[in-house]
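Here is a brief report on one protein chain. Please keep the sequence and the 3D view open while reading.

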Amino acid sequence: MNQTLDGTTAQVIVIGGGVVGCSIAYHLAKAGCRDVMLLERDELTAGSSWHAAGSLYSLTSPSNASVLQKYALDLYATLEQESDQNCGFHRTGELWLACSKEEEKSLKIIRSQGRRHDLMAEFLSPREACEMAPILKEDGLRAVLYEPDAGFCDPASVTQAFAKAARKYGATIHRFTPVTGTTQRGDGGWDITTTRGTLHCEYLVNAAGLWAREVAALAGITMPLMPVEHHYMVTGAIPEIQAMKTRLQAISFSEANVYMRPEADGLLVGAYESKCVHWAEQGTPLDFGHELLPNDLGRMEDNLLLAMERVPCLESAGIKRIINGPMIFSPDLGPLLGPHPALTNYFCATGVMTGFNQGPGIGKVLAEWILEGEPGMDISFWDVARFGPWADKAYTKARTKYWYEHRSARVYPYQDYAAGRPLQKTPIHDLLKQSGAVFAEYNGWEDPVYFARNEDEQTPRYRYERANWFDAVGEEALAVRESVGLFEFSTFAKYRISGPAAEYWLDQLFANRIPSAIGKTALMPMLSPKGQVIGDFTLTRLGEQLFLLVGAGGMAGIHMRWFSSRLPATGVKLENLTSDYSGLHIAGPRARDVLQKITGEVVSNEHFPFLSGRLLDLAGSTQAIALRVSFTGELGYELYFPADRQVDVFHKLMTAGAEFGLHLAGSHALMSLRLEKSFPSWGLEIASDYYPNECGMDRFIATSKPEFCGREALMDQWEKGPREKIGTFVVDTTDTDAYGGEPIYHHDRLAGYVTSGGYGYHVGKSLALGFLTLEFHQPGNEFLVEILGRKCPAVLLDKAVYDPTGLRMKD
């Protein structure tokens, strides 16, 4: 065990011997990477894995997270065979309880969303549920959702099974081998210093769990992670359970923030307490291992009192043991996965909250990412690069506290959270707030989503039906259609690319042709090597060797990582201007009139046509980059300028626009307007799960270009044809609109799913965008969209409901 490892080499070294690290080693080795090594500072499972509850279920969001969790359930049976190690896997099924009408709605939503991936769950009557689980009290139980494939596993056994199977496929595992240093080599590989010598590898994976922050610090980086304490208890034997002829189901009682599963003849009862207690804020002790933390069962009191009302036998059940162990979370409780944007060949698999539910899927996608260059599905929602430097320690602490205490709380459409905010404010933030702006966080920025017209609208009241801002957003959207609206646009990612090799580099990176003339703008899809869409940008040529690229702000970290990994040593300069440059956007039939009043330059359609860009002098005091583009379907101009000029430009636009009825508008109105135009949006209809001919981006692909990233794979896919296609639907509903994830049926057959939806105020219709398999993608076909458990009639359109030819935005 103390044999020296000095000079040992491996293709991949995984740091951390919990379930996540062992899963990654297993998946790498099974995929053919024979040179895999795992280093564990203590014994396998030390840290959080050994004391986990081991609950397993599939129903969750986003959609791809549910796919990965289902993968875990499917894998455990075969893992036992591969490893000759029992995993303690029990497929008991799970009962999701609802005692209120609102919670019943949330169960209807999660059930509907699962249909896309054949995650079958059905509602039981309270009587049926109580017959299945006699420990439940029927009185007051409103609805029960039964997920038959859910269950639980034995944490230690699963971890050992992954380790044994990994060794079987050729991986080596070294326990009691603490890592004390990590140093980047000149060739992009890593030197890893341990107590047993220095090792070398091409790829390093930080799967160090509770010690992820410490391992990250060895490489000179930080991670937004914070440990918290978590309690569960195991009861003694319960007569009602002993009398059952079959194994009790797991129970999820979100309204009490409690989960339960059978443990021998009793129950394991866990709670996300109403008071989050952080642990080891300054760093996880290096000598911590299989220890537990002091119990404070009083923190569970409120949860247990609610649980006892629903499961009365808990009142008389004896307590066999109490577990209070640390877990480590990110600000949104999601894992931090993938290549760290600041380092080369440094992969992260940290902050995994439900390791036995998510660990197998994480191992799968990390192995794909390392060996194939990209994961097999879109997991941007867990990408380590989704958090920028703005996600500091204070923010991480505030957010982990909020999400721990509200772990099982309902999440409503467009809901946002005050914890840890504000972080980044634009220069006109206070001016917008004085005008009624209601903000939400977007990539660390305070983004105005709508403008309240009265006191009642100043505080959002979130609900599954249309919210209290519905009319205010409608007023904003109609102002854009009828006169002119002004949007804050600073949150878009902005990149300046320059240099003698800039055009060539961009041409290789993007699938559309690079604008050849100065002042021209083009829409630019960016593809992965497998031909799927990983970016959606506008590119403007500002000079012979100067370009402006604008894309999704929430993807800035991910895209910068991609750009940087392909940047040549010389000839191209890439600058991220997102924080340095602010933006404003005016849109509507009077937008040209407003712009003309603050510039001495001619901005007629002839001099400033659609899909063009130029440097524009604004009132003699500010030079802006002006782009003639539109996401609303109206005449529109995006204006970008140094951040310290935003207040001045804002005042000038407001003054100039007064006579034309200029109206401030937020992102809710923007998203409504784009629905009327059938414009797909990044992260909803456009994502790396789709090929261009599936999500409507194929018209922006220059297939005649001989070279661009993903071209070969794309051509192969185009010969096979799309698997599914995007479409726009008019939905017959009144107080509730589709939001995303709702299944679409043709008669009784599942035909597709909704990706986004809302109300089109100008056309007076509820609209949705979504995907259909080719069999059903026939304009005029009638469908049913399941919203809150109710199947609403819908019709597939063959064109946008508003200005389908695009004359208004081009005129």
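## An edge-to-face pair

At 39% relative accessibility, Tyr 414 counts as partly exposed, because that value falls between the 20% and 50% cut-offs. The model is a predicted one. Trp 469 has 8% relative accessibility and so counts as buried.

The rings of Tyr 414 and Trp 469 have their centres 6.4 Å apart. Their planes stand at 85°, so the pair is edge-to-face. Tyr 414 sits in the loop between helix 10 (393–405) and helix 11 (429–434). Trp 469 sits in the loop between helix 12 (455–458) and helix 13 (470–482). The two residues are 55 apart in sequence, so the pair ties together separate parts of the chain.

## Aromatic pairs elsewhere

The protein has 38 aromatic pairs. One of them joins Tyr 26 and Phe 162, with ring centres 5.3 Å apart. The planes of these two rings meet at 55°, so the pair is tilted. Tyr 26 belongs to helix 1 (residues 19–30) and Phe 162 to helix 5 (residues 155–168). They are 136 residues apart, and the pair links distant parts of the chain.

Tyr 26 and Phe 162 are both buried.

## Overall build

The protein contains 21 helices and 37 strands. Its radius of gyration is 27 Å, close to the 28 Å given by the globule rule for 811 residues, so the protein is as compact as a globular protein of that length. The C-alpha trace spans about 80 × 65 × 50 Å along its principal axes.

Of the 811 residues, 61% count as buried. Among contacts with a separation of 6 or more, 72% are between residues 24 or more positions apart.

## Surface and charge

The accessible surface comes to about 30300 Å². Carbon and sulfur atoms account for 50% of that surface.

The protein has 76 positive and 98 negative charges.

## Helix 15

How many of the 10 residues of helix 15 (residues 556–565) are buried? The count is 7, so helix 15 is largely enclosed by the rest of the structure. The buried residues are Ala 556, Ile 558, His 559, Met 560, Arg 561, Trp 562 and Phe 563.

## Phe 439

Phe 439 lies in strand 19 (residues 437–442). Its relative accessibility is 13%, so Phe 439 counts as buried. Leaving out residues up to four places away in sequence, Phe 439 touches Arg 421, His 429, Leu 432, Lys 433, Glu 446, Asp 447, Pro 448 and Val 449.

Gly 683 is 244 residues from Phe 439 in sequence. In space, the two C-alpha atoms are 20 Å apart.

## His 777

His 777 is in the loop between strand 35 (765–773) and strand 36 (782–787). Is His 777 buried or exposed? At 17% relative accessibility, His 777 counts as buried, because the cut-off for that label is under 20%.

Which residues does His 777 touch, not counting those up to four places away in sequence? They are Lys 725, Ile 726, Gly 727, Leu 772 and Leu 796.

Definitions and conventions: Residues numbered from 1 in each chain as written. Predicted model: local features only at pLDDT ≥ 70, side-chain atom pairs only at ≥ 80, totals over all residues. Heavy atoms only, no water. Helix = DSSP H or I, 4+ residues; strand = E, 2+ residues; numbered from the N terminus. Rg over C-alpha atoms; globule rule 2.2 N^0.38 Å. Buried < 20%, exposed > 50% of the residue type's maximum accessible area, 1.4 Å probe, protein only. Contact = heavy atoms within 4.5 Å. Areas by Shrake-Rupley, 256 points an atom, 1.4 Å probe, with all protein chains shown as cover. Lys, Arg positive; Asp, Glu negative; His and termini not counted. Charge placed at Lys NZ, Arg CZ, Asp CG, Glu CD. Phe/Tyr/Trp six-rings, centres within 6.5 Å; stacked < 30°, edge-to-face > 60°.
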